[in-house]
Amino acid sequence: MKAISIAIFLICYGFISYFMNRQKHNRALLCLYIAAALLLLSRALTFSQAASSININVLGVFLGSMILSSLFIYSGVPAYLAATFVDKSANTAIAMLLVCGLSGFISSFTENVATVLIVAPIALEIARHIKVNPVPLLIGVALAANLQGTATMIGDSPSIILAMQSGMNFNDFFWMKGKPGIFFAVELGAIGAFFILWLFFKRYTQKPPQIEIKKPKTWVPAILMACMVASLVISSFIRNKPQYSVAFICLAWAAVGLIWHELKHRESISLVKNLDWQTFFFLIGIFILVGSLTYNGVVEDIAKYISLLSGQNAFFAYMLIVWMSVLLSAFIDNIPYTVAMIPVAKIVALNLGMPMYPFLFGLLIGTCLGGNITPIGASCNVVTIGILRKHGYQVKFSEFVKIGLPFTLIAVFLGSFFIWFIWR
Amino acid sequence: MKVKEIMTKDVTSIAAETNAKEALDLLQKREISGLPVMDANRKLVGMFTEKEVLSAILPSYIEKVGRFVYMENPKAVRQKARALSTIKVKDIMRQDVITVDEDTALCEVARLMLTQKARRIPVLNKIREVVGIVSRGDILRALFEEYSSDTP
Amino acid sequence: MNKITFKFILLFFLVFIVGFISHKVGLNTQQMLAVSIFSASVFATLLFWDFRVAIAFIGIALLLITKTVDLENMVKFASLEVILFLVGMMVLVGLLKEVGFFAWLVTLILRIKNLTAYKFIFVISVLSAGFACCIDEVTSIIFMTAAILEICDYFDVDPTPYIITSVIATNIGSSGTVLGNPIGILIASKSGLTFEDFILKAFPLMCIALLSAICITMFWYRKTIKILDSKIKQSLNNEILIKLISVPPEKQIKLVLSIFGLTLLFIALHHRLELLLGLEANTILLSVPLISAGLVMIWKWRKAREYIEKDVEWWTLLFFLLLFAKAGTLKYTGATDVIAQKISFIVKGNPAMLLSAMLWISALGSSILDNVVLVAAFIPIVQSFKDLGFALQPLWWALLFGGCIGGNITLVGSTANIVALGILEKERNIKITFFRWFGIGLVTSVVAITIVWISLLFLPIYR
């Protein structure tokens with residue numbers, strides 16, 4: 001059984017990575033579900049085990065925030081914000097940094113890929129006006145999105161997954177059990193990382209171009225989004241709330257948004273059709289696949305191995321998890337990696353007799369930030385490269401790494417040390 | 001001998017967006033039974049023949065109900081014939097077309113014509129552009145010329 | 001996400017739900033696998049119609065590999081005898097087609113004295129049902145649809161009402177005898193019911209149901225029928241001889257029809273002959289078509305190969321073969337026993353309730369799934385009721401009528417519907433919407449099934 005699930009997992013994983021790198025998402029999805037079907041057929045996983053592996057909270061939060069962010073983009077608020085920033089900045093370098101900053105800000109409550117899709121057009125506009133290579137700027141946008149997406153619970157899928165699998169709520173990312181949370185770790189890393197970006201941008205000293213500031217169509221989605229965030233914050237203070245309350249909050253606000261959209265514009269159905277269903281079903285499939293590893297004890301084995309390597313040295317174990325995640329997530333997609341490794345981190349912590357939080361946070365920092373090193377390390381990087389390619393700019397692997405590597409190294413160093421010292 | 005030596009090089013073709021009735025008129029004016037359908041880059045997209053037109057105007061079930069004999073022309077067939085001027089070649093043409101390379105041997109072309117029941121075969125060059133067309137008659141003529149020139 | 005990926009994921013989740021429920025219901029591993037793979041095949045035929053044979057192939061292989069069924073039993077469940085029966089009958093139909101039966105049919109309708117539109121609709125209903133009684137539904141519906149299209153074309157009227165009527169009649173008619181649809185022969189071979197049983201018990205009921213449907217359609221379409229009526233009177237007044245299609249040589253047709261008739265006769269007498277000759281049940285039933293087909297192929301030896309290759313629907317037969325094998329596995333693993341137990345529990349052991357449940361559930365199921373698929377799936381369940389002490393005969397009739405008439409409820413309820421509407425769309429560019437069909441489909445079905453229901457419950461012949 002164990003052998004079968006490992007074999008199916010690895011083969012499936014190989015195919016998925018291959019297909020996703022070539023943007024053939026449909027085939028990746030098919031592989032995933034064929035693998036899931038095989039697991040069920042070979043009885044490596046039973047139906048009830050599979051059913052319980054699917055994390056409803058993650059799916060609910062994902063679906064809810066996806067709907068709201070779709071509406072948010074539709075409302076034109078992000079484009080408005082970006083254009084305003086650019087208008088108000090002294091020189092282009094600052095404008096570029098601001099755009100990256102905006103990308104980060106939006107990414108802290110919008111999924112990374114969506115963030116990139118919002119901010120990229122503005123970044124391209126700026127680059128076109130001052131007649132420079134848009135590649136560094138867009139890479140900066142992607143990196144910032146990845147970075148800040150880690151900072152809040154709803155910023156990106158791995159964060160959602162982490163929160164739901166470890167019982168954390170929205171506030172815990174900021175302040176947990178009396179100590180500053182992941183958010184601050186990420187911001188510390190961000191300071192260092194933005195410094196790197198400035199080094200790349202500082203040569204652009206001209207005045208920023210005039211970009212047309214389009215007034216947003218409506219502020220309603222932005223308000224709804226704020227309400228959702230507020231309810232998440234409030235709910236984190238309530239103890240003993242029902243298990244699926246977080247998913248419920250996100251879905252409820254999303255439903256409000258959809259009803260508003262349908263009444264005002266009658267376009268809800270097309271909005272729903274255009275949501276990222278691929279990622280949604282991808283999440284479900286990955287849960288099943290990783291579930292089979294967990295139920296067959298493979299995860300325990302990996303955790304045992306890590307514990308063995310690090311002995312009683314908690315710091316070593318911590319660093320091992322962080323940097324292993326950085327390395328692996330540079331080449332493997334974040335979501336399946338996170339889903340697979342969370343149980344491992346928990347067990348390692350257990351074996352060392354330590355609380356799980358430092359290890360989980362370290363995992364998150366390593367995974368999400370590590371995805372910034374290469375163009376294939378994170379989906380929003382892949383999307384950015386695609387956008388650039390559509391506009392005629394081929395980005396070389398090395399070009400991306402030149403910016404991504406220092407950005408990541410500084411961010412991870414600062415972030416992981418912060419976590420360790422605050423949380424050990 | 002290779003097919004490129006006997007093929008008709010000046011190939012009349014029709015565009016997929018052409019009106020089907022006009023295409024049929026072209027066939028009848030030229031007194032040929034079929035024409036290849038090409039796109040702007042001379043790439044083959046289909047074949048428009050008299051057989052396809054017949055198929056389009058007669059009911060589809062005639063092959064499935066066995067033998068019978070029409071004594072009159074059903075109104076439906078007349079209507080479909082009239083409606084031919086409202087549809088395009090791409091709605092009628094056959095998309096699955098047998099083609100050959102410029103350097104194909106004559107006998108191979110003949111073999112294809114027999115096994116695939118094709119009366120004419122378009123000839124493509126290395127970059128899949130249509131450079132000629134060869135008909136059954138052309139092949140037969142060429143084969144018999146070749147054989148008659150052999151000394152017994 | 002493209003359509004194919006979406007359908008595949010949908011398929012995955014549908015099967016997952018089935019598997020999950022079967023686990024909750026208490027089936028063991030083998031049973032769950034059998035149910036899951038069977039339902040995967042069934043859902044796959046819904047979602048991926050063109051790939052149904054491919055999916056059937058893979059499904060059966062999976063059942064073998066997972067040791068849910070062994071080779072010997074798989075072959076047994078595949079019911080080769082039923083398949084060969086169908087092959088034999090299809091050869092005979094091929095012969096009929098070749099001698100111009102279609103033409104004879106059309107001219108027969110047009111030669112009716114004092115033809116009126118009401119007579120027309122009555123005649124096509126009766127003919128459709130009659131054919132469905134004798135030959136497979138796809139061939140019979142193609143014949144009738146083509147005939148209706150030609151005739152309606154001649155009179156320049158909308159053929160839609162008549163085609164819908166014909167389809168409804170076909171589905172009802174296929175419950176009348178052992179022949180026709182694979183359904184009849186399937187139930188006969190698995191239940192031990194004979195041709196005589198069908199003639200005595202199923203046929204009359206089918207006729208009454210048919211009559212009710214004819215009345216309803218005549219009322220429903222009364223407006224369009226009036227139009228046809230006036231058109232017929234017009235052409236008769238102008239004394240235009242109705243000569244759309246030439247009449248084929250009558251001598252040959254009469255000969256072939258008598259061969260066909262003789263075959264039917266022997267099939268009808270199979271039970272008596274089996275008793276007389278001391279043969280196993282259904283031996284003659286299944287041998288007669290083979291003998292007939294064999295003799296025909298000797299007579300027309302030049303065309304024999306063509307009959308086998310072109311007129312026998314191998315694609316469909318293969319699908320059935322594998323479907324039967326998979327359904328048999330359901331019984332073999334005991335999954336249907338468990339399901340039967342649960343159902344018996346729900347109906348509190350009351351035979352009348354069970355009968356009603358069987359009738360309506362199979363009708364409902366048949367409205368979504370193809371008739372044959374549904375019947376193949378439910379046969380093992382009915383067989384399982386035997387061990388629970390229920391009388392099986394009424395249940396078989398319930399399944400027969402529910403499965404056949406239920407196919408009338410929706411557009412997709414039966415292959416006949418799909419084929420007929422496909423031809424209609426292709427030839428006349430007329431698209432029937434789901435709800436247009438659902439209207440008349442639901443009314444005729446509910447009335448017909450209610451008639452059957454009351455008869456099965458209260459008439460002593462069905463106890």
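Predicted model: local features only at pLDDT ≥ 70, side-chain atom pairs only at ≥ 80, totals over all residues.
**Exercise 1. Chain C as a whole**

*Solution.* 
Step 1. To count as buried, a residue needs 20 or more other C-beta atoms within 10 Å of its own.
Step 2. Look at the secondary structure. Chain C holds 23 helices and 0 strands.
Step 3. The C-alpha trace of chain C spans about 75 × 55 × 50 Å along its principal axes.
Step 4. Check the contacts. Take those in chain C with a separation of 6 or more: 81% of them join residues 24 or more positions apart.

**Exercise 2. A helix with a bend**

Describe helix H17 (residues 334-352) of chain A: its span, its bend and its cover.

*Solution.* 
Step 1. Start with the span. H17(A) has 19 residues and reaches 26 Å from its first C-alpha to its last. At 1.5 Å a residue, 27 Å is expected, which is close.
Step 2. Locate the bend. H17(A) bends by about 30° at A:Met341. A proline, A:Pro343, follows within four residues.
Step 3. Count the buried residues. They number 14 of the 19, and H17(A) is thus mostly covered.
Step 4. Look just past the end. There A:Gly353 takes a positive phi of about 70°.

**Exercise 3. Where chain A meets chain C**

State how many residues of chain A are in contact with chain C, and which helix of chain A gives the most.

*Solution.* 
Step 1. Count both sides. 15 residues of chain A are in contact with 13 residues of chain C.
Step 2. Name the elements. On the chain A side, helices H2 (25-41), H3 (47-53) and H14 (277-295) each give two or more residues.
Step 3. Pick the main contributor. H2(A) gives the most, with 8 residues.
Step 4. Sort by class. The chain A side has 11 nonpolar, 3 polar and 1 charged residues.

**Exercise 4. A hairpin in chain B**

Work out in which sense, parallel or antiparallel, strands E4 and E5 of chain B pair.

*Solution.* 
Step 1. Place the strands. E4(B) covers residues 120-124 and E5(B) covers residues 130-135.
Step 2. Read the pairing. The sense is antiparallel, over 5 bridges.
Step 3. Find a facing pair. B:Arg120 stands opposite B:Ser135 in E5(B).
Step 4. Inspect the link. The hairpin has 5 residues between the strands, and B:Arg128 takes a positive phi near 65°.

Note on methods: Residues numbered from 1 in each chain as written. Chains lettered and ligands numbered in written order. Contact = placed C-beta atoms within 7 Å. Expected span 1.5 Å × (residues − 1). Bend = angle between axes of the 7 residues up to and from the residue. Buried ≥ 20, exposed ≤ 12 C-beta atoms within 10 Å, placed from the backbone. Nonpolar A, V, L, I, M, F, W, Y, C, P; charged D, E, K, R; others polar. Pairing = 2+ DSSP bridges.
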